[in-house]
Amino acid sequence: MATNDLMSELQKDSIKLDDDSERKVVKMILKLLEDKNGEVQNLAVKCLGPLVSKVKEYQVETIVDTLCTNMLSDKEQLRDISSIGLKTVIGELPPASSGSALAASVCKKITGRLTSAIAKQEDVSVQLEALDIMADMLCRQGGLLVNFHPSILSCLLPQLTSPRLAVRKRTIIALGHLVMSCGNLVFVDLIEHLLAELSKNESMSTTRTYIQCIAAISRQAGHRIGEYLEKIIPLVVKFCNIDDDELREYCIQAFESFVRRCPKEVYPHVSTVIAICLKYLTYDPNYNYDDEDEDENAMDADGGDEDYQGSDDEYSDDDDMSWKVRRAAAKCLDAVVSTRHEMLPEFYKTVSPALIGRFKEREENVKADVFHAYLSLLKQTRPAQSWLCDPDAMEQGETPLTMLQSQVPNIVKALHKQMKEKSVKTRQCCFNMLTELVNVLPGALTQHIPVLVPGIIFSLNDKSSSSNLKIDALSCLYVILCNHTPQVFHPHVQALVPPVVACVGDPFYKITSEALLVTQQLVKVIRPLYPQTAAFDATPYIKDLFSCTIKRLKAADIDQEVKERAISCMGQIICNLGDSLGSDLPSTLQIFLERLKNEITRLTTVKALTLIAGSPLKIDLRPILGEGVPILASFLRKNQRALKLSTLAGLDILMKNYSDSVTPAMIDAVLVELPPLISESDMHVSQMAISFLTTLAKVHPASLSKISGSILTELIALVRSPLLQGGALGAMLEFFQALVATHTASLGYMDLLRMLTGPVYAQSTALTHKQSYYSIAKCVAALTRACPKEGPAVVGQFIQDVKNSRSTDSIRLLALLSLGEVGHHIDLSGQPELKSVILDAFSSTSEEVKSAASYALGSISVGNLPEYLPFVLQEISSQPKRQYLLLHSLKEIIGSASVAGLKPYVESVWTLLLKHCECTEEGTRNVVAECLGKLTLIDPETLLPRLKGYLLSVEVLWLNLKRQGKLMLTFLMLARLSSLCPSAVLQRLDRLVEPLRATCTTKVKANSVKQEFEKQDELKRSAMRAVAALLTIPEAEKSPLMSEFQSQISSNPELAAIFESIQKDSSSANMECMDTS
């Protein structure tokens, strides 16, 4: 009890011990380690952890000394507990990067004792413990022991020839941790020693050990071993040919580690590695597969093999080690296909057929690895295919996808037999394979469904099947149903429905849940609504599907996931089969109403009702609308975003499809809840609320008279928000057009125009953000498009506002933007003053007015290109002072006009742009560059070769890219690469540290201007971001150079502060990502 109490006290941060107390506590705990009671010993060891951080350094050294002495004791129990104690102490020491003096002195003390314990080969158990602790210490604190690394190496190397294999194994682990932090000289010594010993090849036993050691070094420090691969690989290839299965296994495992950890250096040898793996993938000298192949050819697709129960128990030989070689080959191929994306076409020619041919593997563990390797190949094929194949291959139709498609019959043939194996693991592998295959190639199994369905049903009906197998079978069936056309399954519905219905009734909730998902998909198969087909009679199956689902829907005491899936499934049944449910429909809808009132199930029910409301069968929802709509309206005030969004979508579709059944009282209940939802704090919710109002304006125009209060106030406030853009802005424009079309009193064209533009003209409340003017202008243009008769008068007024010398800059800005937005859609060439008024605005003293005039000219030109584009080109040539603004107008034209409209002017625009691309003004050159890029996209076949030729002949590009920009871009790329390909970055880590250090420690001259200091600070921050990114690679801080650089950052207050703030920024960014995901 006393030791337990001490443990509790030591874990408190508040405890402080004086020298005398420290000495007593340490002495007592060390004495308790020798206690006869094992439980007391265990508690004493646990106390060591918190004690190390509470006592002074010399007391920690006392603890370590005692533990090291006890570790060499004759008593086995004391030895074991002391070893655990040393591991506990090492685990509690501060990390090497903290520069802690305590950690350094403790590790040095332990190292001396351990090396002598390892060197003495009298007692193997002591040796094993010492090696274990050494490995642990090198892993955690290797950087602190740099001076000891040579002596550690010379102590470890002889153990590789120990007569005890356990000693060799732990020595290899320790060497693996050593190479992560040792200096280059020690690393070279180790590799040279291993290469020399391998070349001698004195005994098979030690050769196996040295190959294992090289593989371990590659796994732990692949970035360092890469440069030696040219010497290592030929030796490993040579040993593969020796008739020793264990050695072959280790050689192939070494290849796997080279492939994964040295991607660049191993590249020239990949084809050799693949050839060796393919050779040994089929290496099974003691077994004949020919008979099975004949059986396979005799099999039919009609399920004549119902009773086939596999062959995994027919052959067994305990001395046969060839399976380990085959397993290593499969894993190595897995590594190759996972890391060499660029070789996918080659893999489909050689590796894919070989793996398919080995699905018949007799050893279950090897078979699982063969399947896994093929899954990796499929996963590599899943990304967008365009960049994976060269253009020539694509022209011939030889892409990885087409090659995979041609191999699907072979895959199915190989899997078909395996799907009725006795082995659960094999069948699970088959289902995973089919799932991934269909995800990569939707529709791939169209021709093979008749062969596969019996195999899936076999696992669903098999009484001996495990729960996981049934779940995998259902999951596979679901993916296949989702990715093929319904007609493919119609011949098999009769066979599929009974086992799926039985699974819905399964007592295990996970099976039920997965089966409900399949049932939902089956409903879409037997009665597809889009496109409607009458070819299949769904009637015989409706009763079974409905009955099994309603049972789960009514149950209250079931798992939450099952409740939700039952609701979704029943929603699908009503959506697709509601016209066949008769008297069951109203009672089922009543259950939905109950689920709507339950907080746990309401969100899923809203989604199900939305699905039903959108059904082309026009399901009669009147029995629940009266009570249901007010409940839905109440959800709009709940603090649950997903519920608000789903409810708004549901109400929108109800309003569209059931407008004749919706009463004014129901609409009022919803309208009351809308004002708080229309806000810049959540643009998506605002968008959905505005879309609902648009629907309301179209189907219930009379109800819009009620929105003139708080709803309209919020809408106008949102128009003025600088955050309004994208979908929400689009919804707002559509709403104003729908609203003005209702001809509601006091909400006509001029009323709305005054509401929108009032504050700018009244000058009472200036709009703080430029974006607000753009949004108002777009709304004005939307209203004007909906009311074309009002257009000329309003356009005329805007022109006068721009001309009027008494107009404020705000009024001019809004008037110009409104002219631009209206002119974009309506031809304004009938306004004679327009050109001169806009050009005069180019001379305004306000930069914002100038910019708006430039935008307006471009936007108006889009409305009538023949009238305005030649005028703009003429002005660019004749008005050098206005060139920059006019080029912005041209950029707007090129970006917004239709391709067909622009085609006739491409040549003249191109010629003009090329004249100005060598302008002395950098801003003008940048706009020209944007225009050239956008123009090239209009006719890439003609213009892209010209642009390339021009770049070759004129060395304009990059002249203005300063060292500052280049460096910052480099650091940014380095940070990105650290997350994309950590292995490749790690290989070059030592070369990266010095430039980063140089950037961080460069001092600006004292008499430099302020901008120089700011530039250097920004550079430091960029370099520090790169350092922080590098440190996210797990092995990075084990590098001696990186570790030293970290200590340098910690000891420099300025750099430490920058580094800390960057780490905080990155952690808060990660948290935001988690919130939004």
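Let's start with one residue. His 484 sits in the loop between helix H24 (467–482) and helix H25 (493–504). Keep in mind that this is a predicted model.

Is His 484 buried or exposed? Its relative accessibility is 8%, so His 484 counts as buried, the cut-off being under 20%.

What surrounds it? Set aside the neighbours within four places in sequence. Then His 484 is in contact with Val 438, Gly 443, Ala 444, Leu 445, Thr 446 and Phe 489. Two backbone atoms deserve a look. The backbone oxygen of Ile 480 is 2.8 Å from a polar atom of the His 484 side chain. The backbone nitrogen of Leu 445 is 3.0 Å from a polar atom of that side chain. One more distance here. Ile 449 is 35 residues from His 484 in sequence, and their C-alpha atoms are 9.8 Å apart.

Now follow the chain into H25. Its partner is helix H26, residues 509–526. The two pack at an angle of about 150°, and their axes are 8 Å apart. That angle is over 145 degrees, so H25 is roughly antiparallel to H26. The crossing of H25 and H26 is left-handed. Who makes the contact? From H25, we have Val 493, Val 497, Val 500, Cys 503 and Val 504. From H26, the list includes Ile 511, Ala 515, Leu 516, Leu 522 and Ile 526.

A second pair, further along. Helix H37 covers residues 749–762, and helix H38 covers 770–786. Their packing angle is about 165°, with the axes 10 Å apart. That makes H37 roughly antiparallel to H38. H37 and H38 also cross in a left-handed sense. On the H37 side, the contact residues are Tyr 749, Leu 752, Leu 753, Leu 756, Thr 757 and Val 760. On the H38 side, they are Tyr 773, Ile 776, Cys 779, Val 780, Leu 783 and Thr 784.

His 743 is not a glycine, yet its phi is positive, near 55°. Relative accessibility is 70%, so His 743 counts as exposed.

Lys 618 also has a positive phi, about 50°, and is not a glycine. Where is Lys 618? Look in the loop between helix H30 (602–613) and helix H31 (622–635). Lys 618 counts as exposed because its relative accessibility is 53% and the cut-off is over 50%.

Back to buried positions. Ser 861 belongs to helix H42, residues 847–863. Its relative accessible area is 0%, so Ser 861 is buried. Beyond the neighbours within four places in sequence, Ser 861 is in contact with Tyr 868, Val 872 and Ile 893.

Cys 213 is buried, at 0% relative accessible area. Cys 155 counts as buried too, at 9% relative accessibility.

Last, the whole chain. It has 54 helices and zero strands. Of its 1077 residues, 52% are buried. Now take the contacts with a separation of 6 or more. Residues 24 or more positions apart account for 74% of them.

To recap the opening: His 484 is a buried loop residue, and its side chain has polar atoms 2.8 Å from the backbone oxygen of Ile 480 and 3.0 Å from the backbone nitrogen of Leu 445.

Conventions. Residues are numbered from 1 along each chain as its sequence is written. This is a predicted model: local features need pLDDT of at least 70, side-chain atom pairs count only at pLDDT 80 or more; totals for chains, interfaces and linings use all residues. Side-chain values use heavy atoms; hydrogens and water are left out. Helices (H or I, at least four residues) and strands (E, at least two) are DSSP runs, numbered from the N terminus. Buried means under 20% relative accessible area, exposed over 50%, partly exposed in between (1.4 Å probe, protein chains only). Contact means heavy atoms within 4.5 Å. A polar contact is a pair of N or O atoms within 3.5 Å; within protein, one must be able to donate a hydrogen and the other to accept it, and residues adjacent in sequence count only if both atoms are side-chain atoms. Axes are lines fitted to C-alpha atoms, for helices over the stretch in contact, and angles run from 0 to 180 degrees between N-to-C directions. Angles under 35 degrees count as roughly parallel, over 145 as roughly antiparallel, 65 to 115 as roughly perpendicular and the rest as oblique. A crossing is left-handed if the near helix is turned anticlockwise from the far one by less than a right angle, and right-handed if clockwise.
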